[in-house]
Amino acid sequence: MTKRVMTQEESIEYLLRRSQRHDDVFPIRREFIQRRIKGPFGEPTTGPGPLSELLRAPYALELLLLVHAVTTGGDYGVTERSQLWGRAAGISMLPDQKASVAVSRQWQHLEKLGLIERKQHGHFKRIIKRREHGLVGKFSRPYTAPTGSKGDVYFRVPFAYWRENLHQKLGMPGKAVLLAAMSRRKETFTLPQDTRGARALGLGRHTMARGIKDLLHHKLLVETGAAEVMNARTMRGYEWVHTYQLAEPFNINLSKSEIKRLEVERLEAEEGALLTPEADADAKVGQPG
């Protein structure tokens with residue numbers, strides 16, 4: 001008699017349901033992508049967040065995203081078998097000790113970055129998420145629910161990332177750019193493809209270009225326009241800047257100011273439609289002469 005083993009899809013769905021998130025989304029702070037740092041003269045600026053350290057660690061990124069999806073309160077920890085984590089992250093489908101060792105290496109990598117901590121919990125390890133900026137100096141900070149205030153900006157990641165199989169369809173550049181795009185929190189945005197702009201997000205210029213191509217191919221990103229703008233850092237002094245929009249359901253991260261701006265634009269468009277000659281002529285139809 002054969003003994004069934006949970007598939008990767010079943011393992012992921014078990015973890016997502018375990019979270020009991022009714023809206024099927026989970027938050028991540030923008031500092032995971034781009035965090036505040038001190039410049040060469042002590043001035044405040046921005047630099048790459050821990051995502052840049054995970055570009056060559058796809059399994060570690062998958063584990064981290066699952067932990068953030070599952071944990072919702074208390075100590076923000078979760079206790080499950082290593083084999084379950086291994087199947088969900090695609091590390092190993094085998095229900096043996098080798099899977100446990102392979103998963104442990106990924107947890108160790110995340111722990112060194114200050115993104116999780118591990119505690120013994122009976123026969124298993126409890127995985128507790130830490131603040132998304134990871135290590136600051138030699139220390140990380142305990143996780144708290146993000147508030148959305150100016151210094152605590154976050155974006156939401158839909159469970160559709162797994163349920164639409166994007167964890168397998170997208171390469172690491174595509175995953176990184178998808179997270180970066182969601183962190184923009186605008187309906188229409190740019191994705192810097194020059195060296196300096198890409199580095200600010202912790203991505204190489206070629207990684208950014210490959211990620212954008214991957215998202216366009218899977219119709220997760222839509223190009224909305226292009227304009228030639230002045231940029232003295234380029235050889236020509238000008239560069240082409242492309243603007244994009246995210247497709248549903250990844251277009252949910254609009255800031256309050258962006259929502260207000262879009263509402264004003266909608267109202268202005270409606271008022272403009274009422275004042276067009278066609279609308280004015282239609283309004284006069286049937287009126288007494």
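Me: Is Thr79 buried or exposed, and why?
Reply: In this predicted model, Thr79 counts as buried because its relative accessibility is 13%, and the cut-off for buried is under 20%.

Me: Where does Thr79 sit, and what does its side chain meet?
Reply: Thr79 belongs to strand β4, which covers residues 77–79. The side chain of Thr79 makes a polar contact of 2.9 Å with the side chain of Arg126.

Me: Which residues is Thr79 in contact with, leaving aside its neighbours within four places in sequence?
Reply: With those neighbours left aside, Thr79 is in contact with Arg18, His121, Phe124, Lys125 and Arg126.

Me: Changing topic: how many salt bridges does the structure hold?
Reply: There are 18 salt bridges in the structure. One of them joins the side chains of Arg17 and Glu13, with an N to O distance of 3.3 Å.

Me: Why are Arg17 and Glu13 separated by about one helical turn?
Reply: Both residues lie in helix α1 (residues 8–19), and they are 4 residues apart, so about one helical turn separates them. Arg17 is exposed, with a relative accessible area of 63%.

Me: Which salt bridge does Arg163 form?
Reply: Arg163 forms a salt bridge with Asp24, and their closest N and O atoms are 2.8 Å apart. This pair links distant parts of the chain, since Arg163 is in helix α5 (residues 160–163) and Asp24 is in the loop between α1 and β1 (25–29), 139 residues apart.

Me: Are Arg163 and Asp24 buried, exposed or partly exposed?
Reply: Arg163 counts as partly exposed, at 41% relative accessibility. Asp24 also counts as partly exposed, at 30%.

Me: What about Lys175, which residue does it form a salt bridge with?
Reply: Lys175 forms a salt bridge with Glu62, and the closest N and O atoms are 2.8 Å apart. Here too the pair links distant parts of the chain: Lys175 is in helix α7 and Glu62 is in helix α2 (residues 58–70), 113 residues apart.

Me: Are Lys175 and Glu62 buried or exposed?
Reply: Both Lys175 and Glu62 are buried.

Me: Which residues are linked in a network of salt bridges?
Reply: The network links Arg29, Glu31, Arg131, Glu132 and Asp152.

Me: Which residues line the largest cavity?
Reply: Leu65, Val157, Tyr161, Lys175, Leu178 and Leu179 line the largest cavity. Helix α7 (residues 172–182) supplies the largest share of the lining, 3 residues. The lining divides into 5 nonpolar, no polar and 1 charged residue.

Notes. Residues numbered from 1 in each chain as written. Predicted model: local features only at pLDDT ≥ 70, side-chain atom pairs only at ≥ 80, totals over all residues. Heavy atoms only, no water. 1 Å grid on protein atoms, 1.4 Å probe; cavity = no way out; pocket = protein on both sides within 12 Å on 5 of 7 lines; lining within 4 Å. Helix = DSSP H or I, 4+ residues; strand = E, 2+ residues; numbered from the N terminus. Nonpolar A, V, L, I, M, F, W, Y, C, P; charged D, E, K, R; others polar. Buried < 20%, exposed > 50% of the residue type's maximum accessible area, 1.4 Å probe, protein only. Polar contact = N/O pair within 3.5 Å; in protein donor to acceptor, adjacent residues only side chain to side chain. Contact = heavy atoms within 4.5 Å. Salt bridge = Lys/Arg side-chain N within 4 Å of Asp/Glu carboxyl O.
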